[in-house]
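This report looks at how the parts of a protein model meet. Two boundaries are taken in turn.

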Amino acid sequence: MGVKYQIRKNTYYDSVTLMLISKDVGKVEGVKEAIVGMGTELNKELALALEISSDEIANMAANDFFVSVMLSDDAIWEDVILKLDELLNKKNEESGMDYRPKTIETAVKYQRDSNIAVISVPGQYAADEARKALEKNLHVMLFSDNVSIQEEKELKTLAKEKGLLMMGPDCGTAIINHVPLAFANVISEGNIGIVGASGTGTQEVSVIIDKLGKGVSQVIGTGGRDLKDEIGGITMIQGLQALIDDPKTKVIVLISKPPALEISKKILNLASQSPKPVVVDFIGGDYEMIKSYGVYPSITLEDAAHKAVALSNGDMPVDFDRFTLADSKIDKIVDLAVSKLSEDQKYLRGLFTGGTLTDEAMKLLGDSLECIYSNIPLNPDCRLVDSSKSIGHTCVDLGDDEFTQGRPHPMIDPSTRADRLTIEAEDRSVAVILMDFVLGYGSNEDPVGAMVESIKYTQQKAEDRNQHVIFIGSICGTDKDPQSLEESQKTLEDLGVIVMPSNAQAVRLVKKIMIKVNR
Amino acid sequence: MKILIASDDFNELFSRDITGRIHSVFNKAMNLNIGGQLFTIGTKGVLIGPRTAILSEEVSFIDLGLIKETIFEKNGNIISFKCNHFKIEYEPTQIWMTGIKKIKKRDTLIHIEEKLKSTMSWIFEKGDESGISPIVFYLKDEFQWIKMYEFQKKDFSNKNMKFIIPRITELIKSLTLNNNDDFISGVIKTVGFGPGLTPASDDFLVGLMAGIRYSNIYFNESNEEFAAMAEMAMKKVIARTTDISYIALEEASRGNFNFAVEDVAIAILEICKGNEFESKVEQLLKIGQTSGTDILTGMVVAMMFKFN
């Protein structure tokens, strides 16, 4: 073991950079102790107390930056300095690009062949920026939310007049010409086109299409309010027409929560005239009504993907409402899991990062559980009075506004869910914890890893009171995503989490367990 | 590029022609050294505070090519920088007054206690607890008047925390015993702890001073004695922390705080709508990586003590 240090005289980095460096240097393998910071008297005393000081450290001034570490092996020092410089230079590299235009106007002048603008600015500026982009004849993907519905209508009307797509506001995912935008997975190229009004719902469908060996031509996001009466489905209709006209698209999938009736009719009318087969998942929508338009209704997001793939292969689609594993194997999993529960364990806690996945879970479970409490309940009587506290069967969408004010979405920073899980760990009536894990661009670099400690903590808590909590999860990700799908799955399985191939299958498994538990 | 708003002390100095050097440059702010005193120019979006002016546009000072030690001059209403001929038009459209603000409609003691408890819960729900804020879990064992909603006490017992706990405990004890010498010694032993450019313990102290000052105003008590003690403590810690952190400490000892700090202090003590109160707390929590959380922790601890 050895002590290594470096001092940078009279050097300032902002607090955010220093804190991040401090956290990350401590995580480098082989680092036993670490201090990163300014050379204040107290930090020098702390270095002394941690036995990572030196004469030079003792003599530095408060405005000097320093890093001092105790290493299990001196050879690691090079890794520490590399990590340090990587973190310090990150910002410089970003700002060291040839030219970074500050406005849409200069960006267009600089890159004249641009035809789409991706906008992510605070809500109060978002509509103005989107308008500027549309006026410059750019399609827009507006990631920002907090844009009024009136502004959304104005922007979408302007876009329509100019023959442009206005995706959003609050548009979380899109894949345009195979370029993933915002939250999106790496999906193979193919001939299935998607228009989606729900972010994680669209991701789930595209991921399952990829897993089934097919791919997408375009994924067009509309923003969650597009199919409300006030907007009239402007972007979904434009997106549907664009895919009808797109020679590379052979099959079309439409995804949304159930739209307003009039809007639904308008969209289904257009879909019914499409020369290409259209699969419609109005999550929990009226199956027979959708079918009456001659399109293919789906019962789950997974079913929508299966039907699209069947149609893409030239096969007749059938409802996919089963498990990938044989029923006998599923029954064994259920029996084994239930046998470990104590008598007072009877409730489900669904902790979701994806809103659509939460919604789908509650709709699939609806007929088997009396009341599922939620911050986005299906039944208003089952609204959680305090969203931070679960009661009975609870499914929470931790990506909902109330959880994301002033902090990142849990798909980016899963700490909200990790903290929530440690609260659930205290409740001896919990039988099953259900979770989604969304991989892909935009998501946390390791959404599974970020939950490991909380899962272990919950398991230990249960064990301490002679209980066992059943963990069930599904991973929305492909083997090409920047995070490793294989490692994510292995990590979960090593922890004893039952990993199902889709949200729908995870929920069906929960349903089987809950029926048995409450029998 | 124009100045949108400037604090009164910034404006007073910049009302005449002056020269100085750039002390340090960050993306959203740069510090100017004028005769050994630091003043800050922040980009649009940075919150106004003492010795600060805010530009009307959002820029990155690093991208503008500003570098430390560069000489600048203020002639007439133009501040010009020698390194890249960058110019700022200095004619602020608003002047922001430093100093303790008035409390208009005092809230009741019961409401204030509730607000303090809520704020404490938001510190851990919405703040960044990687600074000094977890110290309240340890202070709670020592000082029964620290009230919190029921929290699961996590394991915060890393070596750094063990190092600082006795020092902060000593500092708070000096306040409860009204012992000026111990307070000064407590400040000296506390300043400069933590990795940030404004170390976490300094942020905690700024909050502590805000909490005491504003509580005194609420109770119509004089701040004179505390001001004298705080200013004396600051004179002794000038070399114990970074120049940039020292500005905030020195100004806090004089009763001058960042806009977001004042806003929360007043919102706790005044009648204030729930949503408005929470959004002000959130605004403060957004400062720096852990600075806002640590300032708020210091403020709440001081107020809980004063309202005990």
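## Two domains in chain B

In this predicted model, the C-alpha centres of domain 1 and domain 2 of chain B are 29 Å apart. Domain 1 of chain B spans 3–96, and domain 2 of chain B spans 109–306. Their contact draws 12 residues from domain 1 of chain B and 15 residues from domain 2 of chain B.

## Where the domains meet

Domain 1 and domain 2 of chain B bury about 1,000 Å² between them, with 64% from carbon and sulfur atoms. Three residues stand out: Leu47(B), Pro50(B) and Arg51(B) supply 49% of the area that domain 1 of chain B buries against domain 2 of chain B, more than any other three residues.

Between the two domains of chain B there are 2 salt bridges. Arg51(B) forms a salt bridge with Glu250(B), and the closest N and O atoms are 2.4 Å apart. The side of domain 1 of chain B that touches domain 2 of chain B has 6 nonpolar, 4 polar and 2 charged residues.

## Chain B against chain A

Chain B and chain A bury about 3,100 Å² between them, 53% of it on carbon and sulfur atoms. Phe163(B), Pro195(B) and Gln289(B) supply 19% of the area that chain B buries here, more than any other three residues. The contact takes 43 residues from chain B and 38 residues from chain A.

The interface of chain B and chain A has 2 salt bridges. Glu45(A) and Arg240(B) meet in a salt bridge through their side chains, at 3.7 Å from N to O. H4(B) gives the most to the side of chain B that touches chain A, with 5 residues. That side divides into 11 nonpolar, 18 polar and 14 charged residues.

Definitions and conventions:
Residues are numbered from 1 along each chain as its sequence is written. Chains are lettered from A and ligands numbered from 1 in the order in which they are written. This is a predicted model: local features need pLDDT of at least 70, side-chain atom pairs count only at pLDDT 80 or more; totals for chains, interfaces and linings use all residues. Side-chain values use heavy atoms; hydrogens and water are left out. Contact means heavy atoms within 4.5 Å. Buried area is the accessible area (1.4 Å probe) that two parts lose on being put together, summed over both. A salt bridge is a side-chain nitrogen of Lys or Arg within 4 Å of a carboxyl oxygen of Asp or Glu. Helices (H or I, at least four residues) and strands (E, at least two) are DSSP runs, numbered from the N terminus. Ala, Val, Leu, Ile, Met, Phe, Trp, Tyr, Cys and Pro count as nonpolar, Asp, Glu, Lys and Arg as charged, and the others, Gly among them, as polar. Domain bounds come from an automatic or database domain assignment.
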